[in-house]
Amino acid sequence: MTIFRTDIEFAREMDARDPLAAYRQRFHIPKSNDGEECVYLCGNSLGLQPKAVEAAVRQELEDWKTLAVEGHLHAKTPWLPYHEFLTDQLARLVGALPIEVVAMNSLTVNLHLMMVSFYRPTPQRRKIAIEASAFPSDRYAVDSQIRFHGFDPADSLVELRPRDGEAALRTEDIERLIEREGKSIALILIGGVNYYTGQFFDLERIARAGHAQGCIVGFDLAHAAGNVPLQLHDWDADFACWCSYKYLNSGPGSVAGCFVHERHASAFDLPRFCGWWGHDKATRFKMGHDFQPIAGAEGWQISNPPILSLAAVKASLDLFDEVGMERLREKSLLQTGYLEFLLDGLATDAFTILTPRDPRQRGCQLSLAMKVRGRETFDSLAASGIVCDWREPDCIRIAPVPFYNSFSDVHECVEAIAAQLGQRPRHSKAP
Ligand SMILES: Cc1ncc(COP(=O)(O)O)c(C=O)c1O
């Protein structure tokens, strides 16, 4: 067990011992106004650019420039099967079989496509269960799906709420609700890591509880993919969707990911919105009228994908493959534990930490509920080149990302919070 200390020398010692420290050099770190590198703790919103992305995208531009349409077959990485070059990497990242994953579209679009197939309400079983604090886009998507089927969210949406006075949901409370209301729930859609509190849910237990009641179980992994280890196949999710611009460092609005469990691979009778890229590859260019879906997640594709964006995703996934989620998680646990230790050491009750204290129930993000001077504190961090983010009404989210953040970054951030709140860190203590 690492015994943390509050002094800056400790952070430097940790950086010197960090086996992943060199990976920071593989990313572009933005500079603040004074020309110094920012302390970037905002990978929960937009991950930094891997340096390899530029060459990867340039290669596609070059192939387009010199090969034009021939690039579909003769580009360095041919465009026609381009998404297939990402399949194994995506499968490793989320703990899936290759047939279960595909890179396509963006996150909310994929959630809709999944609901078209997997939300099949009947008057008796029409409800969707989501976290009360689900990301607004998920809420809009779910509401609109319920209405699309002629039902009313007022009596078809079940919200999972924490107990009074608590920020996190207890797994046993989720299980109890599913047991109580499960027979009327068609779909449980839950974030792997909640965007606001940073809580990492016990997805396996939730899937088991949902399936025991005959519900479909889907996950929004926007804040989980690339942040925490996932075993989607073994955990038995029916489907999952994630974006690639947060912890997957693939650039703003870049191509998202989608998982469909193997048991649905050949469920061709499910309703789905179709397009030619989901059509059987052997006959796609015969240009026939009858849609024959590819077995597996690929069969949910609609359009041919944006190659420039996929090139960025591929370059980023190469890095994940090089390091592996286990090593990233190992550093992440240490780094976020260190952030928590430093914050706990501040002699102030200006904030509370919303994120669960149990490291198994969180990723790298800690969310601070600011009781006083929240916005001022956030603005002062930004002014001193420390990039976190602010979520209404009172939350500062801080996410040390093991790929590119140092322990010194974490120390500097907490020092700045302490200074803004007029506090000095207390003496060291064991975590
Ligand atoms: C949990 C969650 N769901 C959905 C979205 C929306 O993503 P997109 O705009 O890529 O559809 C976000 C975006 O940050 C998110 O954090």
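In which helix do D143 and R139 both lie, and how many residues apart are they?

Modeller: A caution to begin with: this is a predicted model. D143 and R139 both sit in helix α6, which spans residues 136-148. They are 4 residues apart, about one turn of the helix. Their side chains meet in a salt bridge, at 3.8 Å from N to O.

Now the surroundings of each partner. D143 has a relative accessible area of 18%. The cut-off for buried is under 20%, so D143 counts as buried. R139 stands at 25% relative accessibility and is therefore classed as partly exposed.

The pair is also part of a network. Salt bridges link R139 and D143 with E159 and R161.

R163 forms a salt bridge with D173, and their closest N and O atoms are 2.7 Å apart. This pair links distant parts of the chain. R163 is in the loop between β4 (157-160) and α8 (171-181). D173 is in helix α8 itself, and 10 residues separate the two. R163 is partly exposed, at 33% relative accessibility. D173 is buried, with a relative accessible area of 19%.

Next come R263 and D238. Their side chains meet in a salt bridge of 2.9 Å, N to O. R263 lies in the loop between β8 (257-260) and α11, while D238 lies in the loop between α10 (232-235) and β7 (239-242). The pair therefore ties together parts that are 25 residues apart in sequence. D238 is buried, at 2% relative accessibility. R263, at 39%, counts as partly exposed.

For scale, a search of the whole structure finds 31 salt bridges.

The largest nonpolar core has 71 residues. Those with the most contacts inside this core are L203, F219, L221, L230, W242 and F403. Helix α11 (residues 307-323) gives the largest share of the core, 10 residues.

Neighbours within four places in sequence are left aside here. Another core, of 33 residues, lies apart from the largest one. Y338, L368, F378 and L381 are among its residues.

Note on methods:
Residues numbered from 1 in each chain as written. Predicted model: local features only at pLDDT ≥ 70, side-chain atom pairs only at ≥ 80, totals over all residues. Heavy atoms only, no water. Core = buried A, V, L, I, M, F, W, Y, C linked by side-chain atoms within 4.5 Å. Buried < 20%, exposed > 50% of the residue type's maximum accessible area, 1.4 Å probe, protein only. Contact = heavy atoms within 4.5 Å. Salt bridge = Lys/Arg side-chain N within 4 Å of Asp/Glu carboxyl O.
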